[in-house]
Amino acid sequence: MADISFSLSGRKAMVIGADSGIGLACARAIANAGADLVIGGIDPGKGEGLAREIGAESGTKVSYVAVDVTREEQVAAAVKEAVARLGGLDIAMNNAGIPGWPGAIQDQSAEQFDTLFAINVRGAMLGMKYQVPHMLAGGKGSIINLASTAAITGLAYCAPYAASKHAVAGLTRSVALELADKGIRVNAIAPGPVNTGLLASMRAGRSALPASPGGAQVPMSRVSEPEEMAGAVVWLASDASSYVTGTLISIDGGVVAA
């Protein structure tokens with residue numbers, strides 16, 4: 001019978017983009033499920049404290065590395081350091097992302113578009129580029145990328161953001177196919193509105209713009225909390241999802257179904 005354990009005891013995990021929000025909530029949950037963990041982000045002062053806090057809470061080994069996902073050499077170094085500290089890599093979450101700059105397409109700048117893609121898409125690609133060889137060496141692994149319901153539907157006045165998340169979905173599915181017979185699974189979560197700084201920034205930017213025709217309402221009539229993303233991530237990281245790869249899991253209060 002297949003092992004359907006949700007435990008991550010003995011696993012070695014890395015979460016990039018764990019300074020706050022979804023990444024932080026998922027990092028906590030992964031450690032609390034038993035994994036030793038390295039978290040990465042762009043705020044070392046905050047990150048070191050978070051690592052100590054999560055380690056004390058979970059009883060697992062947790063440490064922090066600074067990493068700017070737009071810099072390939074930093075991503076390579078961060079993954080190498082994580083593997084050295086952990087003694088391998090079984091689980092990786094690529095969570096770094098920004099909302100971009102809401103506005104009509106004719107008002108979007110190429111520079112802003114490039115910055116958005118450098119973080120949201122290139123960051124996920126670079127994460128996988130350097131994580132996968134270590135998982136291949138170990139013969140197993142689970143990678144979870146951060147998409148969005150904007151990877152499934154359109155998002156008026158946030159076209160570059162939606163495009164970046166469609167790209168993350170394409171990366172996820174394609175790499176999943178490359179690794180499907182090698183013991184490595186690659187999936188993504190697709191959150192709806194989550195109570196984070198990213199959502200606040202996006203809503204503030206769209207508030208002065210025309211109402212979006214057919215804009216999605218949340219059937220559950222509320223915004224989620226970051227911790228509500230963590231259960232799916234722990235499941236994807238665990239053996240309980242051993243036959244799941246190339247999938248986007250929508251965690252959205254019913255937005256996509258509406």
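The lining of the second largest cavity is made up of Pro99, Gly100, Trp101, Pro102, Gln108, Gln112, Leu116, Tyr157, Cys158, Ala159, Pro160 and Tyr161. The model is a predicted one, and the values below are computed from it. The space inside this cavity comes to about 50 Å³. By class, nine of the lining residues are nonpolar and three are polar, while none is charged.

Two helices take part in this lining: α4 and α6 each contribute at least two residues. The largest share, three residues, is supplied by α6. Helix α4 covers residues 110-120, and its buried residues are Leu116, Ala118, Ile119 and Asn120. Leu116 is also one of the residues that line the second largest cavity. The buried residues of α4 pack against α5 (122-138) and against α6 (159-179).

Tyr157, another residue of this lining, deserves a separate note. Tyr157 sits in the loop between β5 and α6. Most residues other than glycine have a negative phi. Tyr157 is not a glycine, yet its phi is positive, at about 65°. Is Tyr157 buried, exposed or partly exposed? Buried means under 20% relative accessible area and exposed means over 50%. The relative accessibility of Tyr157 is 23%, so Tyr157 counts as partly exposed.

Ser221 belongs to the loop between α7 (197-206) and α8. Ser221 is exposed, because its relative accessible area is 67%.

**The largest cavity**

How many cavities of 30 Å³ or more does the structure hold? There are two. Rolling a probe the size of a water molecule over the atoms shows where empty space is left. The largest cavity holds about 70 Å³ of space. Its lining consists of Ile16, Val69, Asn94, Asn95, Ala96, Ile119, Asn120, Gly123, Ala124, Leu146 and Val168. Of these residues, seven are nonpolar and four polar, with no charged residue.

Helix α4 returns here: α4 and α5 each give at least two residues to the lining of the largest cavity.

**Elements elsewhere**

Strands β5 and β6 come up again with helix α8. Six of the eight residues of α8 (residues 230-237) are buried, so this helix is largely enclosed by the rest of the structure. The buried ones are Ala230, Ala232, Val233, Val234, Leu236 and Ala237. They pack against α1 (21-32), β4 (91-94), β5, β6 and β7 (248-251).

Arg28 lies in α1. Beyond its neighbours within four places in sequence, Arg28 is in contact with Leu50, Glu53, Ile54 and Glu57. Between Arg28 and Ala18 there are ten residues' steps in sequence and 9.3 Å in space, C-alpha to C-alpha.

Strand β2 (residues 36-41) and strand β3 run parallel and are joined by five bridges. Leu37 has Val62 as its bridge partner in β3. Strand β3 (residues 62-66) is mostly covered, with four of its five residues buried. Together with helix α2 (residues 44-58), β2 and β3 form a right-handed β-α-β unit.

Methods
Residues numbered from 1 in each chain as written. Predicted model: local features only at pLDDT ≥ 70, side-chain atom pairs only at ≥ 80, totals over all residues. Heavy atoms only, no water. Buried < 20%, exposed > 50% of the residue type's maximum accessible area, 1.4 Å probe, protein only. Contact = heavy atoms within 4.5 Å. 1 Å grid on protein atoms, 1.4 Å probe; cavity = no way out; pocket = protein on both sides within 12 Å on 5 of 7 lines; lining within 4 Å. Points joined across faces, edges and corners; volume = space filled by probe spheres on them. Nonpolar A, V, L, I, M, F, W, Y, C, P; charged D, E, K, R; others polar. Pairing = 2+ DSSP bridges. Right-handed = clockwise from strand over helix to strand, strands pointing away.
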